[in-house]
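Please have the viewer open as you read.

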Amino acid sequence: MHAGHNTMRMASLCGMVALRLGIPAERCALIRTASLLHDIGKLAIPSRILRKAGPLTPDERKEVEEHTTLGHRILRGSGSEMIRVAADMALTHHERYDGKGYPQGLAGEQIPLEGRIAAVCDVYDALTASRPYRPLPFTREEAIRMIREERGRAFDPEVVDALLESLDLVDAIERYAA
């Protein structure tokens with residue numbers, strides 16, 4: 001699976017989770033589209049770091065973590081609602097529900113809902129896809145277990161529930177599209 005497919009799958013997950021949460025369809029479409037830009041700040045991170053096969057050094061990790069604020073800086077100030085949502089997602093998709101995330105250490109509802117949606121969808125996608133540092137993806141069941149373990153800690157419990165309720169539909173769509 002290549003990066004473009006992963007980005008599209010993550011965006012689809014975001015849209016479906018938003019719909020499960022009862023967000024109006026037009027806003028769900030906006031969230032889905034905005035989520036395509038959640039990692040835009042990685043354009044400013046050296047590829048030698050992003051493609052590194054082994055563990056990151058503390059300095060490399062710090063540099064990667066800057067992608068959230070860099071992405072926000074790239075997108076902020078737009079007159080477009082979609083770009084404003086994308087800027088919020090870029091900034092907050094690594095915040096944790098328990099406040100132990102980055103870059104601002106926001107907790108709970110301090111994190112915009114779109115950021116909370118992007119956080120869990122991004123992690124599910126990362127767990128179930130190959131990565132340079134982990135060429136074999138986790139199984140769907142392993143990924144679900146890991147996400148459930150972080151329900152209420154890393155992730156908003158309602159968003160986790162909406163993701164888990166959406167996965168069968170996501171799997172069906174992927175089988176149909178294959």
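## The largest pocket

The largest pocket has a volume of about 1,600 Å³. A pocket here is an open set of points on a 1 Å grid over the protein atoms alone, with protein on both sides within 12 Å along at least five of seven lines, and a lining residue has an atom within 4 Å of a point. Grid points are joined across faces, edges and corners, and a volume is the space filled by probe spheres set on the points. This is a predicted model, in which local features need pLDDT of at least 70 and side-chain atom pairs count only at pLDDT 80 or more, while totals for chains, interfaces and linings use all residues. Residues are numbered from 1 along each chain as its sequence is written, and side-chain values use heavy atoms, with hydrogens and water left out.

Lining this pocket are 48 residues, and Asp-39, Lys-42, Ala-126, Arg-131 and Tyr-133 lie nearest its centre. Sorted by class, the lining holds 23 nonpolar, 11 polar and 14 charged residues. For these classes, Ala, Val, Leu, Ile, Met, Phe, Trp, Tyr, Cys and Pro count as nonpolar, Asp, Glu, Lys and Arg as charged, and the others, Gly among them, as polar. At least two lining residues come from each of α1 (3–20), α3, α4 (58–65), α7 and α8 (140–149), and α7 gives the most, with 6 residues. Helices are DSSP runs (H or I, at least four residues), numbered from the N terminus.

## A cavity

How many cavities of 30 Å³ or more are there? The count comes to 1, where a cavity is a set of points at which a 1.4 Å probe fits but cannot get out. The largest cavity holds about 40 Å³ of space.

Its lining is made up of Thr-92, Glu-95, Arg-96, Tyr-97, Ile-111, Gly-115, Arg-116, Ala-119, Ala-154, Phe-155 and Asp-156. That gives 5 nonpolar, 2 polar and 4 charged residues. Helix α7 (residues 113–127) gives the most to the lining of the largest cavity, with 3 residues.

## The nonpolar core

The largest nonpolar core has 39 residues, and those with the most contacts inside it are Ile-117, Val-120, Cys-121, Tyr-124, Ile-147 and Leu-163. Helices α1, α2, α6 (81–92), α7, α8 and α9 (157–177) each supply at least two residues of this core. Such a core is a set of buried Ala, Val, Leu, Ile, Met, Phe, Trp, Tyr and Cys residues joined through side-chain atoms within 4.5 Å. Buried means under 20% relative accessible area, exposed means over 50%, and partly exposed is in between (1.4 Å probe, protein chains only).

Beyond its neighbours within four places in sequence, Leu-163 is in contact (heavy atoms within 4.5 Å) with Leu-13, Val-17, Val-120, Cys-121, Tyr-124 and Ile-147. Ala-162 belongs to helix α9 and is buried, with a relative accessible area of 3%. Not counting residues up to four places away in sequence, Ala-162 touches Val-17, Arg-20 and Leu-21.

His-38 sits in the loop between α2 (25–35) and α3 (47–50). Is this residue buried or exposed? His-38 counts as buried because its relative accessibility is 5%. A polar atom of its side chain lies 2.8 Å from the backbone oxygen of Ser-35, and a polar contact of 3.2 Å joins the side chains of His-38 and Asp-122. A polar contact is a pair of N or O atoms within 3.5 Å; within protein, one must be able to donate a hydrogen and the other to accept it, and residues adjacent in sequence count only if both atoms are side-chain atoms.

Leaving out residues up to four places away in sequence, His-38 touches Met-10, Met-89, Ala-90, His-93 and Asp-122. Met-89, found in helix α6, is buried at 0% relative accessibility.

## The loop between α6 and α7

Asp-98 has its place in this loop and is partly exposed, with a relative accessible area of 28%. A polar atom of the Asp-98 side chain lies 3.0 Å from the backbone nitrogen of Lys-100. Pro-103 lies in the loop between α6 and α7 as well, and the peptide bond from Tyr-102 to Pro-103 is cis, with omega near 10°.
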